Amino acid sequence: GWQNIRLHDIADDLGTSLTIIKEHFRDTDAIANAWFLKSLDAMLAPTHKGFRDLPPKQRLFLVFMRWLDTMAAHRRVTVEMIRTKLYLGHPHHWVPLVFNLSRLVQWIREAAFLDAQGRQRQIEEIGLTALVVTTLGVWAQDQSKDQDRTRRFFQNRLETGDRIMSRLFR
């Protein structure tokens with residue numbers, strides 16, 4: 001598991017030294033961050049021509065699922081990385097994790113072309129943050145084919161959020 005990764009083992013497997021590993025990654029948390037950055041890059045990749053014309057909830061669905069799909073082949077280790085960041089003995093990871101979650105939500109909003117301002121934007125950000133966290137919890141346990149359980153969960157919550165937002169901001 002992720003908790004058993006040792007940088008000296010990585011160096012040995014690559015036939016290099018710890019000094020070379022340190023030039024690229026200060027620790028295993030930096031390796032995890034690089035993994036999440038790769039997933040973020042995949043989420044932000046260019047979309048098809050008619051993407052902007054889709055309804056916001058559909059754009060959100062496609063963008064967020066692209067992020068999860070990128071990590072799906074290595075779900076177990078990805079979940080272990082997140083759990084390691086949440087470990088009580090690692091409070092130095094908690095604050096950056098909060099900022100990383102906030103940045104992820106902002107990038108999701110950008111990739112989905114959400115342009116709300118003011119109070120609507122604030123509510124979108126709060127709701128989307130809660131949705132990302134709860135969906136990650138479902139995704140972490142999802143053993144269904146093609147992440148169908150996660151897809152249904154996320155889609156249902158988007159529908160609910162869309163109804164709430166349309167009532168609040170007609």
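## Loop residues with positive phi

In this predicted model, Phe113 lies in the loop that connects helix H6 (91-111) to helix H7 (118-141). Its phi is near 55 degrees, a positive value in a residue other than glycine. Phe113 is partly exposed, at a relative accessible area of 27%.

Gln147 occupies the loop between H7 and helix H8 (148-168). Although Gln147 is not a glycine, its phi is positive, at about 60 degrees. With 4% relative accessibility, Gln147 counts as buried.

## Salt bridges within helices

Side chains of opposite charge can pair when their charged atoms come close. The whole structure contains 10 salt bridges. One of them joins the side chains of Arg76 and Glu80, with an N to O distance of 2.9 Å. These two residues are 4 positions apart in helix H5 (residues 75-86), so about one helical turn separates Arg76 from Glu80. Arg76 is exposed at 58% relative accessibility, whereas Glu80 is buried at 14%.

In helix H7, Glu125 and Arg121 are likewise 4 residues apart, about one helical turn. Their salt bridge has its closest N and O atoms 2.7 Å apart. Glu125 is partly exposed, with 21% relative accessibility, and Arg121 is partly exposed at 27%. Elsewhere, salt bridges with shared partners join Arg26, Asp27, Asp29 and Lys85 into one network.

Glu124 and Arg109 form a salt bridge in which the closest N and O atoms are 2.7 Å apart. This pair links distant parts of the chain, with Glu124 in helix H7 and Arg109 in helix H6, 15 residues apart. Glu124 is buried at 17% relative accessibility, and Arg109 is buried at 1%.

Methods
Residues are numbered from 1 along each chain as its sequence is written. This is a predicted model: local features need pLDDT of at least 70, side-chain atom pairs count only at pLDDT 80 or more; totals for chains, interfaces and linings use all residues. Side-chain values use heavy atoms; hydrogens and water are left out. Buried means under 20% relative accessible area, exposed over 50%, partly exposed in between (1.4 Å probe, protein chains only). A salt bridge is a side-chain nitrogen of Lys or Arg within 4 Å of a carboxyl oxygen of Asp or Glu.
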